[in-house]
Structures are given as structure tokens and as C-alpha cells.
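I opened a new page for this structure. My notes follow the order in which I looked things up.

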Amino acid sequence: MPLRFRRSPFTYLRRIGLAVLVLVGLIAAASFPPAIVVPRAVAIATDLARVWFYFCSMMVGAAPFLAAGALAAAMAVRMRVALPLFAMLFPGCDCSMNAYAPSLRHARPGLSAVAIVWGSCCNPLALYTTAAVLGPRMLMYRMIAGAIATALTAAAWSKIPAPPHAGTCAQPHNFSRSLVDLAGRGVTSFAIAAGVSAVFLALRTHSMHGLGPGAAALVGAVLSPCSSADALLARALFAEPGTQLVFVIAAQCLDVRQLIVVYRSFGATRAAGACCAAIVACCIGRALVQR
Amino acid sequence: MEALVRAPAPVMIATAAIFAVALFKSRSRSVPAGLIAGVIAGCTLPGNAPASWQTVITHATLHSAHNDLFDALDTLDAQPGVLLGRHIWVTGVWRPPDRENLATVSQRVMACCAADAVDIGFDVVPTHIVALPAGTRVRVGGIVNEMLRQGETRYVLRDAVVNGSNEGSSGER
């Protein structure tokens, strides 16, 4: 008589998968002399400790913004305030956006695109720090590139049909449930992106001077800094203004944190649309700076 | 919270309170497990911040902060000729040399959290070997020179005298 599993066998394998991997790794390590294994094990442990430190740093740093975003979005949902307008003016960048993006699902697609892209790239705090660190000229170029990314994303989202799960998610009925729902989703999205950034930070430790605009966009996308920090990092890491602008725009519109939020809230097609719009904005922005 | 983020204590306490209320309101059975996991995770964090993920930046990045080190770098960015070849004193944190890098005196600029922290300062070539440990607050006086390294212009304090600013005496030997 065949055995009857309450869950599929794959689920059982997955549960013990990590333990099996660790065991295989230990057996493989034991087959090499300690003089070879120990230094590498120490180096790996150091890298893992740095990844953990950076991950926790990002989570703790984002916690006030996540909480404020969830709190404000829960209040706005309850009071029926114009959420897209709030998102555009809220000075919390994409940390808080992780919390309130799901509540924008019910807005018009173009409007939610404007709220998300403009809110992350050109929120008041980002504009203030750009003016203070990079100067008024770069502030103007940031606003132009941000407006291009926003307009293109809004146009793309208006054409792309809504994903099946959008609008069918559980509607929060009361304030506390709404707060828990939004904060929970925000923490999950942010934790994934923070993990990716932390691994990148721990492994990519050498100087980034001399990188071109393409590499700067990649660094910005993976590093995914807060909008209050991207101008500072751009000035510290890159000498050329065009590369600085590409880094700043990619860090806010093309970054893993933003794309994960858009993917989880609005679907893969709209995330791809936002990605293409950001790439076009980076190219146009750089061309304008170098003009 | 200085090691991880530059956030005022009242903000972090209010944040913790919001998350705690949200967790307890959710009536989830995993709340105690989550709290225990959080405490364990917190205990694994180091007590002080590790070195920045970047090498020390030797050009100005922030116009609004005013102290002798940032002022000197601001001047070098705007008019290098004014300071090059002149003797200056700057204050910052000491990092001894290693196989790839010269010794540095720097100050950390953190916008949001440790992940975006950058150390800004000067490379230092002291006149004598300096026995101060990394992280010591120092005052360094030296002649400003520029040097090209890996395609990047870096500013160096040559013939430098390094004083540990805590004890007020020379750290040279």
C-alpha cells in the first residue's frame, strides 16, 4: 500500500534541504587540510558578519520610515485622503513607500505611477539634500530626469492591464489591521532588498572611482540607498556629473528596493515598464548634463 | 544607535512602540517567537561600527558641515592652489597604514545608516612611525600634496606630525 503524504514529498525535502546543504559543506570542508580551509572559513565568517551588520543597519535605519509610512497610509485609507498626493509629498523616500505602496493599488494606474516614481526620486527631502550636496544645477537635472521617468512610467502603466491580484487583496477594515497589513508587507519587501544590498556591500569593498555610467547605474540599482543619502554617495563615489546623475536616478527608480515593491504590489509587467522608463530617464539625464 | 544609524532615541522608541502595538494587535501566535528572535538578533550585533565599506574619500562631499578637516577639503575642491604645499592641521580619526593603503585621518559622514556611511579625510605620511591604534581621535599637521592613485587624485599630508587628541601628547615613537 503506498504511503500517503499529508504534504507533497517536495515540501519535506525542502524542509531538510538547508540541513543537507550544511552537512555536505562540512563533509567537503573536512576533506581538505585545515591549513587551506581555516583561513577561508574565517574570511567567509567575516563577510557573513558584515552582511548581517549592514542588513541590520538598513532595517533599523528604515524602521522609523516604514512605521511612519504604514501609520500615515493606514490613516489616509481610513480618512479617504488623496493617497497619491500624500505619497508625492511624503519626505520618507522608498523606505516608507515599502509600507504604503500596497494601498495605492486602488488608485488610477497613472496616478499611482506618478506617486511612486516621483515620491521616491523627487520627494522634498531628496531635493533638499541634492541641492545641499550637489548644487542647484544637479537639482534641476534630477527634477528633469525624475519627471521623465515619472511621465514614461505613468504612460506605460496606463496601457498595461492590471495584474489579476491587484484590487482583489484583502481590504483592511479597521485601522490596526490596516497598519499591521501595510507594515508587514513593507518589512518583507524591504528585508529582501536590504539582503541583496548587504551582500553587495560586503563583497564589493574596493574603490568605485573611475566607473562609467553603466556601472554607476548598476551600483545604484543594487546598493539602493535612501533618497537622503544618494546625493552624498554620488559625490563621494563618482567625479563626473553625468555619472553622478545616472547613479542618483538609478538608485531611486531602477533600484532593487523600488522594483521589488512595484513587483509585489503591481505585478511583473508594470515593474518591467518602470524599469524601462528609468533606463530612458538615466540616458536622457546624462545626455542633458553633458550637453 | 550611533553605530548602526544616526537616529535620535525618541524616534527609535516611538518606532519600536508602533511595531509593538501593531504586533500585539495582530493577535498572532508567532509574536513571542518574533520578540525572542529579535532579542537574539540584537545580541549578535557588534558594539561598535566596523570600518566603512569604502576607502577614505579625499575630496569634499558636504558643504554644510564645518570643521577644520571638511573646510580644508572644501578649499582644496574649490581652489587647490591655495592649500597645496602649505602646512595645515586637521582633526579626525586615525587609521594606520596597511599593505594597500597609506595611513589616514578621516571623519565619518552618515546620511541614513552604516550602509551609506563614508569616511572623508586625508592620506597621511608621518615623519615617524605612529603607534596609535585605529579609531583614535587625532590631530594631524602636515604639508598638503596631491597624488594620483588608480586614476584618482588623492590629497596627502606629508611630513605629518600626529597627536592623539585625547591625551594631548605625541603618539610617535
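I began with the contact between the chains: 35 residues of chain B are in contact with 33 residues of chain A. I took contact to mean C-beta atoms, placed from the backbone, within 7 Å. On the chain B side, helix α1 (residues 9-26) gives the largest share, eight residues. I sorted that side by class and got 22 nonpolar, ten polar and three charged residues. Here Ala, Val, Leu, Ile, Met, Phe, Trp, Tyr, Cys and Pro count as nonpolar, Asp, Glu, Lys and Arg as charged, and the others, Gly among them, as polar.

I noted the ground rules next. This is a predicted model, where local features need pLDDT of at least 70, side-chain atom pairs count only at pLDDT 80 or more, and totals for chains, interfaces and linings use all residues. Residues are numbered from 1 along each chain as its sequence is written, while chains are lettered from A and ligands numbered from 1 in the order in which they are written.

Then I looked up the domains. Chain B has domain 1 (9-43) and domain 2 (68-164), with bounds from an automatic or database domain assignment. Their C-alpha centres lie 42 Å apart.

Last came the strands. Helices (H or I, at least four residues) and strands (E, at least two) are DSSP runs, numbered from the N terminus. In chain B, five strands form a closed barrel in the order β1-β2-β3-β5-β4, with mixed pairing; pairing takes at least two DSSP bridges. I found that β3 (residues 118-126) and β5 (residues 152-164) of chain B run parallel, joined by three bridges. B:V124 has B:L157 in β5(B) as its bridge partner.

Note on methods: Contact = placed C-beta atoms within 7 Å.
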